[in-house]
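Please read them alongside the sequence and the model.

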Amino acid sequence: MKIGTVLSWVALLGFALVTLFPFYWMVMTAIMPTDAILSRSPSLLPDLSRIRFDAFGGIFARSEFPTWMMNSLIIGVLTTFFSIVVSTLAGYSLSRHAGVVQQSLGATLLISKLIPASLILIPLFILYNLLGIFDTYLGLVLANMTISVPLASWLMKGFFDRIPRELEQAAMIDGASQMQALRLIVLPLAKPGIAAATVYVMLNSWSEFIFARTLIASPERQVLTVGMQSFVGEQMVDWQLLMAAGTVSILPAILLFVFLEPFLVNGMTKGALAGT
Amino acid sequence: MAMTSMTASKVRQGGWLDLGFERRRTLLSLALLMPAAATVLVLIVYPLYQVFEISLREGKVMNFARIGTLPLGFGNYARVLSDPQFWRSTSTSAIYVAGSVGAALAIGLATALLLNRRLPGTRIFRTLILIPWAVPGVIVSIMFLWIMDGSFGVFNAMLRDLGLLTGDHAWFVDSRTALIAVIIPTIWKTYPLITLTILAALQSIPTELYDAAEVDGAKAVQKFFHVTWPGIQGATALVVMVSCLGVFRDVDIIFATTGGGPAHATETLALYVYKEAFQYFRMGAATAVGTMMIAFALLLSILLGAVARRSKY
């Protein structure tokens with residue numbers, strides 16, 4: 001091997017170690033005894049004989065944590081379902097036609113990327129109080145959709161663009177209506193795209209914080225990110241418990257990400273750069 | 001009936017001739033777009049219009065349903081522009097965005113170039129390096145609050161071992177280092193997308209260009225500036241723009257680490273908007289700042305977008 005290759009590999013390893021260290025330290029804090037971690041000079045390597053999983057039991061014993069997880073899951077599933085249905089239809093339309101309506105939707109997508117969440121919250125907060133949907137799942141799902149619908153519509157447009165129009169045209173020549181062509185020919189082909197968009201929207205919803213923090217008031221409807229943040233405000237932070245909770249709360253996201261990474265990578269760049 | 005079969009035969013010959021068919025297609029296409037259009041109108045366009053309107057309403061109401069009864073004027077803008085904290089937040093935002101995205105770009109570019117060398121194992125490295133992107137901002141905050149904790153943080157322990165620090169330093173609590181402390185997790189979360197975008201651009205550069213440069217006797221540095229950089233600058237400009245916009249408008253990490261403190265040291269504009277609105281209930285001031293933020297972001301994205309487009313070849 002050339003010296004340059006070795007150096008590059010070492011550099012890459014260095015970047016990967018620094019990137020992964022926060023995860024490593026979170027898990028370490030969760031599984032090592034408190035005295036090994038709450039130290040002026042903690043050992044960086046785990047003492048395998050002293051690994052304990054008590055903290056994980058501890059977070060499930062704290063009654064709020066499972067509730068938060070459940071709420072995040074409900075909000076995530078509802079947001080994803082409605083966003084994907086709406087966006088798949090819109091994405092197909094955007095891909096096959098370029099009219100005024102389509103172009104204005106594209107423009108709104110760009111604008112929606114410029115709006116701070118803390119700003120759009122103000123009119124939503126007022127509107128929700130008028131409509132009586134403040135502190136409801138519905139309200140939070142709708143708020144999440146302000147981010148996911150423009151994003152997923154544009155993602156889906158990209159996926160549909162890669163499905164040749166000739167396929168539907170052939171089906172229609174054979175007598176299928178356009179709706180049938182969409183349902184029987186295009187949608188099955190768009191499945192990988194729909195899967196990627198689903199994971200993408202789900203991850204976004206799982207991460208969302210400021211909408212839930214502001215639009216949900218009842219503790220029993222609170223989501224995971226807001227619940228986790230409330231731990232930090234406490235006088236004495238129980239780091240071991242907090243890190244165990246952190247590990248559990250990102251595990252689904254990371255697993256989803258690692259297994260679907262080949263799918264997602266394309267969508268991630270497309271989604272992030274969409275409309276620009 | 002005869003009409004219909006004629007229509008059908010025309011479709012077979014070439015659908016563009018048939019207006020009825022085309023119109024049906026257009027109608028269907030509009031119908032498919034309706035749910036998304038309705039969502040966007042009700043949840044983005046109308047609220048944005050309201051933001052603008054509230055920013056022009058002078059005075060304070062207890063009942064927000066009656067905000068429309070207040071007189072119109074530029075009072076909120078005048079008040080905000082004369083608030084020293086607004087200007088402080090503006091410079092905090094500038095440092096926060098430039099610091100985070102600048103460092104993220106350096107790391108993103110370096111990692112993308114390394115990953116593009118297709119060394120053994122890079123496939124796994126790519127997946128690993130991208131994981132921070134999938135972690136919620138609040139969890140990122142909690143991880144770094146712990147690592148950079150004053151007394152028991154492992155970061156300080158390492159610094160002490162290296163002899164760079166004696167005693168404790170509470171990174172998030174000390175107003176001199178709080179901004180740096182919030183920039184670090186932001187870099188960590190921001191750089192993977194930059195890596196990924198630049199890597200995709202690198203992989204689309206034809207290898208023939210490098211071969212040709214080789215034949216012409218180009219050195220590594222020359223190859224970078226004459227082949228690599230022109231090939232990635234468009235994508236880089238785009239991803240830098242998107243990252244800047246993201247960091248500019250995001251509040252999660254700062255909210256969950258310092259909450260804008262200590263003594264407003266990390267209060268960016270996005271957080272200033274939030275505090276004005278939901279801590280002091282000054283909706284007028286909050287929306288005035290928000291409107292200016294959007295105007296500024298729009299201007300920036302048009303400018304950078306133009307740069308990105310011009311450099312595509």
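Which residues in α8(A) meet which residues in α9(A)? The first point below takes up this question.

1. Contact of two helices. In α8(A), Leu167(A), Glu168(A), Ala171(A) and Met172(A) meet Gln178(A), Ala181(A), Leu184(A), Ile185(A) and Val186(A) in α9(A). The residues of this contact divide into seven nonpolar, one polar and one charged. Two residues are in contact if their C-beta atoms, placed from the backbone, lie within 7 Å. Ala, Val, Leu, Ile, Met, Phe, Trp, Tyr, Cys and Pro count as nonpolar, Asp, Glu, Lys and Arg as charged, and the others, Gly among them, as polar.

2. Basis of the model. This is a predicted model, in which local features need pLDDT of at least 70 and side-chain atom pairs count only at pLDDT 80 or more, while totals for chains, interfaces and linings use all residues. Residues are numbered from 1 along each chain as its sequence is written, and chains are lettered from A and ligands numbered from 1 in the order in which they are written.

3. Geometry of the helix pair. Helix α8 (residues 165–173) of chain A packs against helix α9 (residues 178–189) of chain A at an angle of about 125°, and their axes are 9 Å apart. That angle makes α8(A) oblique to α9(A); angles under 35 degrees count as roughly parallel, over 145 as roughly antiparallel, 65 to 115 as roughly perpendicular and the rest as oblique. Axes are lines fitted to C-alpha atoms, for helices over the stretch in contact, with angles from 0 to 180 degrees between N-to-C directions. The crossing of α8(A) and α9(A) is right-handed (left-handed if the near helix is turned anticlockwise from the far one by less than a right angle, right-handed if clockwise).

4. Chain A as a whole. Chain A has 13 helices and zero strands; helices (H or I, at least four residues) and strands (E, at least two) are DSSP runs, numbered from the N terminus. Its C-alpha trace spans about 75 × 65 × 30 Å along the principal axes. Of the 276 residues in chain A, 47% are buried (20 or more other C-beta atoms within 10 Å of a residue's own; exposed if 12 or fewer, partly exposed in between; C-beta atoms placed from the backbone). Among contacts in chain A with a separation of 6 or more, 76% join residues 24 or more positions apart.

5. A residue of α12(A). Leu224(A) lies in helix α12 (residues 224–232) of chain A. Leu224(A) is buried, with 30 other C-beta atoms within 10 Å. Neighbours within four places in sequence aside, Leu224(A) is in contact with Trp68(A), Met69(A), Ser72(A) and Ser249(A). Ala176(A) is 48 residues from Leu224(A) in sequence, and the two are 47 Å apart in space, C-alpha to C-alpha.

6. Domains of chain A. The assignment gives domain 1 (1–52) and domain 2 (63–273), with bounds that come from an automatic or database domain assignment. The C-alpha centres of these two domains of chain A lie 33 Å apart. Five residues of domain 1 of chain A are in contact with six residues of domain 2 of chain A. Helix α1 (residues 3–31) of chain A gives the most to the domain 1 side, with four residues.

7. Chains A and B. The contact takes 82 residues from chain A and 79 residues from chain B. On the chain A side, helix α13 (residues 239–273) of chain A gives the most, with 16 residues. By class, that side has 53 nonpolar, 25 polar and four charged residues.
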